[in-house]
Amino acid sequence: MNYNIALIHGDGIGPEIVTEAKKVLDKVCDVYGHSFTYKNVLLGGASIDVHGIPLTQEAVDTAKSCDAVLMGSIGGDAKTSPWYKLEPSKRPEAGLLAIRKALNLFANLRPAYLYDELKEACPLKEDRIGDGFDMIIVRELTGGLYFGERKTEEVDGVMTAVDTLSYNENEIRRIAVKAFEIAGKRKKKVTSVDKANVLDSSRLWRKVVEEVAKDYPDITLEHMLVDNCAMQLVHNPGQFDVILTENMFGDILSDEASMVTGSIGMLSSASLNETSFGLYEPSHGSAPDIAGKGIANPIATILSAAMMLRFSLNLDKEADAVEAAVQEVLKEGYRTGDIMSEGCKKVGTVEMGDLIADKIK
């Protein structure tokens, strides 16, 4: 089969880690008889440098013409990069929000899984880790506070900023359906996270989620306030299966969950629309301080490519092969610096990509 893949190398370490993910995908093609046609797309700082804006319509159109998008990382050092002297609507991250909106990527999936080989890197005590954990955070991505009306103005002589948190029932329903569908293929439990004791938007969220739950009688639904969820992630992460939540809560909780695994450099993510189309990217940032040094961990991007194979291209066997290759390399003791522990063999970005590609069977 031939597939068209849009590649967004991005900023910082983005080009390095995307190159290694592409290397693994090319090996998948060799082993399984597929072919991928890659189309390069500029986004973020890389687009600003060429076009003066973080996202062009041409970039959106190219992405839409493909079967899926694989992305590195977006952004730079906010203190030193000239990108951050621009108004907020022209900064790198504005391009990321814009492409999500343009592609209608309303569902963000962020797995958080603790590899046995990386338990030493987990910051939690062993009695908190238990038998490990395997959760996925399903975050609504195109509504809420990040996309609501905002303004900063002087009111009675005092500068005042206003951000609006808005959700309608259709936005909530479609992300809830996605979460219950995913839970049906896992451990059949959804934890819906909100702040229903304070926010009207959360009370509507809870009401709609309960309505959706009636269509999935075999799946257990529990509600949890966001502050309690933040505590439970470090107290007993093994209790979670699928965490369903709104945009800002999901942004915060998914980063917390990623660090509980020991390194954000290990965690993939997918952003999906109502079809099989999706944008796949690592959960971590652009790490401009280590860009070009050949030490970045490419595993999160490689695992994001595996998610692309599974969710957008319906190539489950190939996705399994990539995930197995990552686990085998870890079992053999190879580590990048962020996950290094005593007795392991330290490797760089390119070598880690080579090792994983060589294990594809």
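This is a predicted model: local features need pLDDT of at least 70, side-chain atom pairs count only at pLDDT 80 or more; totals for chains, interfaces and linings use all residues.

Tutor: In helix α10, Ile 299, Ile 302, Leu 303, Ala 306, Leu 309 and Arg 310 meet Asp 316, Glu 318, Ala 319, Asp 320, Val 322, Glu 323, Val 326 and Leu 330 of α11.

Student: How many residues in the contact of α10 with α11 are nonpolar, polar and charged?

Tutor: Arg 310 of α10 and Asp 316 of α11 are among the residues that meet, and Arg and Asp both count as charged. Leu 303 of α10 and Val 326 of α11 also take part, and Leu and Val count as nonpolar. By class, the contact of α10 with α11 has no polar residues, five charged and nine nonpolar.

Student: Is α10 roughly parallel or roughly antiparallel to α11?

Tutor: Helix α10 covers residues 299-311 and helix α11 residues 316-331; their axes are 7 Å apart, at an angle of about 160°. Angles over 145 degrees count as roughly antiparallel. Therefore α10 is, relative to α11, roughly antiparallel.

Student: Is the crossing of α6 and α7 left-handed or right-handed?

Tutor: Among the residues that meet are Phe 180 in α6 and Trp 205 in α7. The handedness belongs to the crossing of the two helices, and for α6 and α7 it is right-handed.

Student: Which residue is the bridge partner of Val 69 in β12?

Tutor: Strand β3 pairs with strand β12 (residues 278-282) in the parallel sense, over two bridges. Strand β1 (residues 2-10) also pairs with β3 in the parallel sense, over five bridges, and there Gly 10 stands opposite Ser 73. On the β12 side, the partner of Val 69 is Leu 279.

Student: How many residues of β3 are buried?

Tutor: Buried means under 20% relative accessible area. Strand β3 covers residues 68-73 and is largely enclosed by the rest of the structure, because its buried residues number six of the six.

Student: How far is Ala 324 from Lys 361 in space?

Tutor: Ala 324 is found in helix α11 and is partly exposed, its relative accessible area being 44%. In sequence, Ala 324 and Lys 361 are 37 residues apart. In space, C-alpha to C-alpha, Ala 324 and Lys 361 are apart by 9.1 Å.

Notes:
Residues are numbered from 1 along each chain as its sequence is written. Side-chain values use heavy atoms; hydrogens and water are left out. A crossing is left-handed if the near helix is turned anticlockwise from the far one by less than a right angle, and right-handed if clockwise. Helices (H or I, at least four residues) and strands (E, at least two) are DSSP runs, numbered from the N terminus. Contact means heavy atoms within 4.5 Å. Buried means under 20% relative accessible area, exposed over 50%, partly exposed in between (1.4 Å probe, protein chains only). Two strands pair if DSSP finds at least two bridges between them. Axes are lines fitted to C-alpha atoms, for helices over the stretch in contact, and angles run from 0 to 180 degrees between N-to-C directions. Angles under 35 degrees count as roughly parallel, over 145 as roughly antiparallel, 65 to 115 as roughly perpendicular and the rest as oblique.
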